[in-house]
Amino acid sequence: MNKTVPLKKNYEFQRVYKKGRFYVGKYMILYILPNNSEKNRLGISISRKYGKSVKRNRLKRLIKESYRQYEEFIESGYDIVVTARHNLDIPDFSAVKKEMKHLVKKLKIFDQEKWDCLINC
């Protein structure tokens, strides 16, 4: 994550929740808010209701890695908060990655031209 820094403070998360746009998927909710800088800031939030720490940390790692895969195709200058939705089981990596791409496209921060050039060039 070379051009992404973490969101750490509670007030930063609250600002994105209250003022940002969001889109809901099967496994996660993605919130975005422009931050007037050249870097993205990423925050991941998983409730204790989701399960024990092993399960929560596994899902955090899956979300971070799926974001890292698409990082160069996501426009910069946004605060991004990913909140996991409560499910009985942990989704596999391909499902998380597919949903991340879907949500980023829905929020219109995915650079489709760069993606197409990478595949076709």
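## Sheet, helices and cores of a predicted model

Within S4, Leu42 is the bridge partner of Pro6. This is a predicted model, and that pair belongs to the contact between strand S1 (residues 4–6) and S4, which pair in the parallel sense over three bridges. Strand S4 covers residues 40–45 and is mostly covered, with five of its six residues buried.

S4 is also joined to strand S5 (residues 78–84) by five bridges, and these two strands run parallel. In this pairing Ser45 stands opposite Thr83 in S5. Tyr31 stands opposite Val81 in S5.

| Strands | Sense | Bridges |
|---|---|---|
| S1 and S4 | parallel | three bridges |
| S4 and S5 | parallel | five bridges |

In what order do the strands of the open sheet lie? The five strands follow the order S1-S4-S5-S3-S2, and their pairing is mixed. S1 and strand S2 (21–24) are the edge strands, each of them pairing on one side only. On average, neighbouring strands of this sheet are turned by 20° against each other, direction ignored.

Two helices are placed against these strands. Helix H2 (residues 53–70) forms a left-handed β-α-β unit together with S4 and S5. H2 lies across S1, S4 and S5, and runs at about 155° to S4. H3 packs on the sheet, where it touches S2, S3 and S5; the direction of H3 makes about 40° with that of S3.

Which residues have the most contacts inside the largest nonpolar core? They are Leu30, Ile80, Val82 and Met100, in a core of 26 residues. The elements giving two or more residues to this core are strand S3 (28–34), S4, H2, S5 and helix H3 (93–106). H2 supplies the largest share, five residues.

Met100 shows some of these surroundings in detail. Apart from its neighbours within four places in sequence, Met100 is in contact with Met28, Leu30, Ile63, Ser66, Tyr67, Tyr70 and Val82.

How values were computed: Residues numbered from 1 in each chain as written. Predicted model: local features only at pLDDT ≥ 70, side-chain atom pairs only at ≥ 80, totals over all residues. Heavy atoms only, no water. Buried < 20%, exposed > 50% of the residue type's maximum accessible area, 1.4 Å probe, protein only. Helix = DSSP H or I, 4+ residues; strand = E, 2+ residues; numbered from the N terminus. Pairing = 2+ DSSP bridges. Right-handed = clockwise from strand over helix to strand, strands pointing away. Core = buried A, V, L, I, M, F, W, Y, C linked by side-chain atoms within 4.5 Å. Contact = heavy atoms within 4.5 Å. Axes fitted to C-alpha atoms, helices over the stretch in contact; angles between N-to-C directions.
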